[in-house]
Amino acid sequence: MNDLDLLVKLHVTQERQGPGGPEETRLAARLTGLSQTEPLMIADIGCGTGASTLELARHFNGSILAVDFLPEFIEELKARASKQEVGDKIHTSVGNMEALVFDEGAFDLIWSEGAVYNIGFEKGIREWRKYLKPGGRLVVSELSWLTAERPDEITQHWEREYPQVAMPSQKIAQLEAHGYRLLGYFPLSQDCWMERYYQPLKARFESFTLDNPDRADAVKSIVEENLLEIDLYERFKEFVSYGFYIAEKL
Ligand code: SAH
């Protein structure tokens, strides 16, 4: 049975679908060095229900195109945007980040929080570059090691789950090799994982279980999988996080 519909139901009610936070989004936005008054063309790829999209709409002037391949997330984002003063800056598109239909050179800024891993960091930074104007900025958050030395358990786990996990220096070298200059890097704090993402997700498990009595087995296994992921994060939080990479197209 395909449980994607259940995963969507679990996450669509949530503020965000991955680690991060409003202060971190704003910090990365400032590190782009882009004007807050000039009208900019911005894309937010893998936007989920729009935590970063809404923050970008508050921070920048201009137009933000929020893209995700799950229509339920896009609908939720539209509903949230319509309740905010900045909502009219936000436009949405249901689309696959692997097959974007943007015009080349269309954007001043391409943003993607906790999502580029779906096509892989290297492919994402390579393929999305053409959609940036010359001098445009790319901002992505990406799973990255915090230390060169780590317990085998966490190294093996992530190398199996996401073989592109690497030290920030390697990610930065990839950006440089693909025609970008690094403007900034910082790792997400532990609060971005626990307070902002995992604790609200844990708080959702009960209503998620009660709402889906006919799918009890699938629900149970999704909850258990998430609890294992949270436990792994808590045990190894000194060794791995998401890094925010802020770069300029050369
Ligand atoms: N940026 C959001 C969501 C991160 S979760 C946040 O930080 O809260 C990753 C998002 O990528 C999900 O919303 C998922 O639906 C989307 N996604 C996964 N694969 C995708 C693809 N191939 N094309 C477009 N979106 C995709």
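## Salt bridges, stop by stop

Begin by selecting lysine 133, which at 28% relative accessibility counts as partly exposed (buried means under 20% relative accessible area, exposed over 50%, and partly exposed in between, with a 1.4 Å probe and protein chains only). This is a predicted model, in which local features need pLDDT of at least 70 and side-chain atom pairs count only at pLDDT 80 or more, while totals for chains, interfaces and linings use all residues. Residues are numbered from 1 along each chain as its sequence is written, and side-chain values use heavy atoms, with hydrogens and water left out.

Because aspartate 108 lies in strand β4 (residues 107-112) and lysine 133 in strand β5 (residues 132-145), the pair ties together parts that are 25 residues apart in sequence; helices (H or I, at least four residues) and strands (E, at least two) are DSSP runs, numbered from the N terminus.

Next, select arginine 181 and glutamate 248, whose side chains form a salt bridge at 3.1 Å, N to O. Arginine 181 belongs to strand β6 (residues 180-187) and glutamate 248 to strand β7 (residues 240-249), so this pair links parts 67 residues apart in sequence. Arginine 181 is partly exposed at 43% relative accessibility, whereas glutamate 248 is buried at 16%.

Finally, select Asp3, Asp5 and Arg215, which salt bridges with shared partners join into one network.

Definitions and conventions: Salt bridge = Lys/Arg side-chain N within 4 Å of Asp/Glu carboxyl O.
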